[in-house]
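Student: I would like a close look at one part of this model, starting from its overall build and working down to single elements. Please keep it plain.

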Amino acid sequence: MNSKKGSVAAHVVMGLMAVYFLLPFWWLLVAATKNNQGLFQSDSLWFSGFHLFENLKQVFTGQDGVFLIWLRNSAFYAAVSGVGATVVSALAGYAFAKLRFPGRNKLFALLLGLIMVPATALVLPTYLLMSQANLVDTIWAVILPSLLNPFGVYLLRVYVADSIPDEMLEAARIDGAGEFRVFRSVVLPAMRPALVTVLLFSMVASWNNFFLPLVMLSDDQLYPLTVGLRTWYMSAIMGNGAGATFSVIVTGALVAIVPLIVAFLMLQRYWRGGLTLGSVK
Amino acid sequence: MTEVQTSPAAAPAAAGPSPKVSTRRATHLREAATGWLFVLPFVVLLIAFLLLPLAYAFKISLYRSTLIEGEVFAFTDNYQQAINDPLVREGVVRVLIFGLIQTPVMIGLALLAALLIDSATSRFSRFFRLAAFVPYAVPVVIGTLMWGFLYSDSVGPFAGLGIDFTASDTVLASLGNIVTWQWAGYNMIVLYAALQGLPKEIYESARIDGASEVQIALRIKTPMISSALVLATLFTIMGTLQFFTEPLILQPLNPGSITQHYTPNMYAYGQAFSFQQYNYSAAISFLLGAVVFIGSYIFLFATRKRSALQ
């Protein structure tokens, strides 16, 4: 009886917390269906009129369709940085786990030490170096630094060390496979679950990135969604220019998070896999 | 079978290196070369986007840009200026206070949620696990924009309460709420993963001894995941020291309460990109980065023994 009461209490607490976590999403969903007037004049947590499609049209056609360009940029940066970072991490993670080369342990200790260097300490000097290389305000300024993922290397090294037996690699070598062949046909397939996790985390990190593109880019045709939406938000708050209205920004925000939430729901297993691996350390 | 001879003259095995040893050496060489080839892209990136920028930031932080003489060596001048700068101090004190309050609140909430989903196995608890984690999938910029609207007295649902969420005495709490909303679920999953790794037999024997579920949660489960808790706390504190995106996004709502020097990072950003004070900015970020880095490293070192066991 006592435990039943406890279970009810537990569910009430979880229910309240769920309301807290989901309320902003509900608000966003409702707000995206209102026009600008409705946004200001109706109950903010309930529907009033249905203008979602008008809003979407405004989002995608406003300012010569710059939102679509931002969306495309975000997707492009995420895809290139994500795949690139995963490939680099896979090669290095495998080498750290299974290949004996001079300096391996020192290099890995260096990596462990540098995993903790905060990004904020790097953005300014990276910007200055990039500007000396004439790369500021190009896609490379955003993509190249995102290819470095020490945590991905660490994660894949742990995974390879635990899940791929040396005998498997030896067998492939005895069959006459070269090192790259061994990597491609034996190692890569065996590390696939961890690769998906690293890919997912690097893509999301790139999609969510703000500080780096904020500093590196000034051409609004190169902006990712995060930086672009902020400029809309600032001009709407300051009330200057023919910028976007609140209803457009709200709808734009909804459009920006939908792909992430879909990816998140579909790939739950890998999210959790990554966090679990990360927490074990 | 086909032992490769190193020299055409059949030397006795004892005199020179045996064929077996030399093939082994060749294998070693090949493995070393392959190893370096495989880590090469990573090493290049590590140098270009981590070591080089760090060294460069350190270098320019030791110089000072003057109108007449150009860049002059100033040794620790910039650092002394940063340490004595009241605006830096104000920002540091603010993020410290923020970290001291926000961290226990958020980790506490995450722990409570993790303990709940660990003990309840209903369909709702699975739904709750998702609901709590979804905010983590939202970009910080967009999460902050959403809360900016929610805090608004014209379009937000709390407009009737008559609270000014961006006033100078409430804005830090409002920012803390955004961070909690975004990261509590993430920490919940990390702690939940640690709870799932505990042996279940202990709970059984505690139950037989008459312990209630609450007692099991507080006296057995929580102490057993203390290392995960400490780690989550550390990462949260490190994050709050670097506080940047949330206050920057909310700044236009009330530039009077979220100033240009609200956090050390915002100050460094403003010094660099609004005033072109690259040397001074580098000194501030380097100082902040060093504090974060050394703190983390001491922690990692202290917990190394524990992780080596696993």
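Tutor: In chain B of this predicted model, of the contacts between residues at least 6 apart in sequence, 68% join residues at least 24 apart. Buried residues account for 40% of the 310 residues of chain B. Its secondary structure consists of 13 helices and 2 strands. The radius of gyration of chain B is 28 Å, whereas the globule rule gives 19 Å for 310 residues, so chain B is more spread out than a compact globule. The C-alpha trace of chain B spans about 100 × 80 × 30 Å along its principal axes.

Among the helices, take helix 5 of chain B, which runs over residues 140-151. From first C-alpha to last, its 12 residues reach 16 Å, close to the 16 Å expected at 1.5 Å a residue. Helix 5 of chain B is also mostly covered, with 12 of its 12 residues buried.

Now the strands. Strand 1 of chain B covers residues 63-66 and strand 2 of chain B covers residues 70-73. The two run antiparallel and are joined by 4 bridges. A hairpin of 3 residues connects strand 1 of chain B to strand 2 of chain B. Within the pair, Tyr63(B) is opposite Phe73(B) of strand 2 of chain B. As a general point, side chains in a regular strand alternate between the two faces of the sheet.

Chain B also touches chain A: 75 residues of chain B are in contact with 74 residues of chain A. On the chain A side, helix 1 (residues 2-31) gives the most, with 14 residues. The residues on that side of chain A comprise 56 nonpolar, 12 polar and 6 charged.

An unreviewed UniProt entry annotates residues 12-32, 75-96, 108-127, 139-160 and 237-267 of chain A as "transmembrane region". In the model, residues 12-32 of chain A are 95% helix and 0% strand, and the end C-alpha atoms of that span lie 30 Å apart. Residues 75-96 of chain A are 100% helix and 0% strand, with end C-alpha atoms 31 Å apart.

Notes
Residues numbered from 1 in each chain as written. Chains lettered and ligands numbered in written order. Predicted model: local features only at pLDDT ≥ 70, side-chain atom pairs only at ≥ 80, totals over all residues. Expected span 1.5 Å × (residues − 1). Buried ≥ 20, exposed ≤ 12 C-beta atoms within 10 Å, placed from the backbone. Rg over C-alpha atoms; globule rule 2.2 N^0.38 Å. Contact = placed C-beta atoms within 7 Å. UniProt positions renumbered as here; feature names shortened; annotations may be inferred. Nonpolar A, V, L, I, M, F, W, Y, C, P; charged D, E, K, R; others polar. Pairing = 2+ DSSP bridges.
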